Structure formats: structure tokens, C-alpha cells
Amino acid sequence: MQTIWLLAGERRALAAVRHWKLHKTVVLVGMMGAGKTAVGKALAARLEVPFLDSDAEIEQAANMSIAEIFARDGESFFRDRETQVINRLLENQRGILSTGGGAFLSERNRALISEKGVSVWLDAELPLLWNRVKHKDTRPLLRTDKPHATLKALYEARVPVYATADLSVKARSDYAIETMAGKVVETLLTRPDVLEEIE
């Protein structure tokens with residue numbers, strides 16, 4: 001009797017599994033600390049597609065950290081490599097692509113993303129961002145005497161550009177990573193040309 005009950009439970013669990021068809025690469029954009037990597041990984045797992053990270057790809061190719069590339073070669077050099085990597089990832093795979101906080105500021109990157117994928121802004125407010133990044137030393141742009149003031153200036157300069165993304169999802173401090181990934185899925189489903197649920 002117990003075996004039959006377990007099988008019925010398994011059938012219910014299988015019935016709850018959802019299947020997806022992703023038509024375009026989803027490019028997550030937003031400030032450092034918005035959750036692009038963590039949410040991106042959860043989203044990719046949920047949709048059963050590859051997770052891609054432009055910063056990780058750059059670091060792997062250069063065999064250096066982003067901070068080391070900034071220090072040795074400067075931001076301009078880094079931004080050129082970033083565009084090359086984003087273009088390659090958009091060309092070669094369909095999945096969830098996490099980009100560095102400055103990537104979407106580049107007009108050429110925005111054009112590439114618009115042409116070959118869809119941009120989703122993870123819209124996190126300044127207090128939440130600061131809470132997430134203040135204890136980390138992996139952010140080269142925050143290596144200043146007043147990191148909070150630097151973050152605030154970056155936030156104010158960048159938000160109007162992020163707001164031009166194709167879609168946006170509001171981040172909240174009480175959202176778990178999986179919750180935020182679910183909110184992104186709900187938003188993507190408003191665009192059948194991007195994501196469809198299939199039988």
C-alpha cells in the first residue's frame with residue numbers, strides 16, 4: 001500500500017515539473033550586487049539552459065581577475081574584451097548571460113544584446129546594493145576612499161541606462177534567490193518570442 005502511495009506522489013511531482021523553450025538568450029543587466037550571477041544560475045537551472053558569465057569568460061581567457069585586468073590594462077582595454085566576449089556568447093549559445101555592471105552602459109553592447117537576445121534589468125535599490133557589496137573587496141570600481149559615495153554616484157549615473165532594458169524585475173531584500181528567479185520567469189513569459197512553456 002505504501003509503495004502505491006509513493007508512486008502516486010511521484011506522479012504528482014512529475015506532473016508539477018514544467019518545461020520551457022527559450023527562444024533568445026536572456027541577458028541580465030544591473031548594478032554590482034543586484035544578483036545577476038546568483039539569480040542567473042538559479043534561472044538557468046530552472047529553465048534547463050546554460051548559464052553564461054561574461055566576466056568569468058574574460059577572466060578565464062586572460063588568466064587574471066577583473067581587478068587585475070583593470071589594474072594592468074585599464075578600463076578601456078577591459079571594455080573592448082567585454083564586447084568581444086558578449087558578442088561571442090550571444091552568437092554561440094542560447095542561455096542565461098550574466099554581464100558585468102558596466103557592460104550595458106556601452107551603446108555597442110546594448111545594440112548587440114537587442115539584436116541577438118533580450119535584456120532584463122535586475123532593479124535593486126541603493127541600500128540593498130550597498131548591503132551586499134560593502135564587505136567585498138572584489139569590486140575594482142569601489143576601491144576608493146569613500147566606497148558608498150562611489151556606489152551612489154555609479155547608481156545615479158547608470159540607472160537611467162538600465163531603465164532602457166527590454167524588461168525589468170524589481171529586487172527586494174526579502175526575496176530569496178529562487179523567488180527572484182521565479183519573478184524573472186514570470187516577466188519573461190510576457191514575451192512569447194523569448195520564453196514559452198511547453199507541454
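This is a predicted model: local features need pLDDT of at least 70, side-chain atom pairs count only at pLDDT 80 or more; totals for chains, interfaces and linings use all residues.
Residues are numbered from 1 along each chain as its sequence is written, and side-chain values use heavy atoms, leaving out hydrogens and water.

## The chain as a whole

The protein chain has eight helices and seven strands. Helices (H or I, at least four residues) and strands (E, at least two) are DSSP runs, numbered from the N terminus. Of the 199 residues in the protein chain, 42% are buried; buried means under 20% relative accessible area, exposed over 50%, and partly exposed in between, with a 1.4 Å probe and protein chains only.

Contact means heavy atoms within 4.5 Å. Among contacts in the protein chain with a separation of 6 or more, 75% are between residues 24 or more positions apart.

## How H3 meets H4

The axes of helix H3 (residues 54-62) and H4 come within 9 Å and cross at roughly 115°. Axes are lines fitted to C-alpha atoms, for helices over the stretch in contact, and angles run from 0 to 180 degrees between N-to-C directions. Residues of H3 including Ser 54, Ile 58 and Ala 62 meet a group in H4 that includes Ile 66, Phe 78, Ile 86 and Leu 89.

In the loop between H3 and H4 you will find Asn 63. Its phi is near 55°, a positive value in a residue other than glycine. Most residues other than glycine have a negative phi. Asn 63 counts as exposed, at 70% relative accessibility.

## Two other loop residues

Glu 48 sits in the loop between helix H2 (36-47) and strand E3 (51-53). Its phi is also near 55°, and Glu 48 is exposed because its relative accessible area is 65%.

Thr 99 lies in the loop between strand E4 (96-98) and helix H5 (107-116), and it is buried, with a relative accessible area of 3%. Its side chain reaches the backbone oxygen of Leu 28 at 2.9 Å. Not counting residues up to four places away in sequence, Thr 99 touches Val 27, Leu 28, Val 29, Lys 36, Ser 54 and Ile 86.

H7 does have a kink of about 30° at Glu 156, shortly before the proline Pro 160. Its buried residues include Leu 151, Leu 154 and Tyr 155. The buried residues of H7 pack against strand E2 (25-29), H4, strand E5 (117-123) and helix H6 (126-133).

Finally, H2 and helix H8 (residues 177-188) pack at an angle of about 65°, with their axes 9 Å apart. Residues including Ala 38, Ala 42 and Leu 43 in H2 meet H8 residues such as Ala 181, Gly 182 and Val 185.

Conventions
A polar contact is a pair of N or O atoms within 3.5 Å; within protein, one must be able to donate a hydrogen and the other to accept it, and residues adjacent in sequence count only if both atoms are side-chain atoms. The bend at a residue is the angle between axes fitted to the seven residues ending there and the seven starting there.
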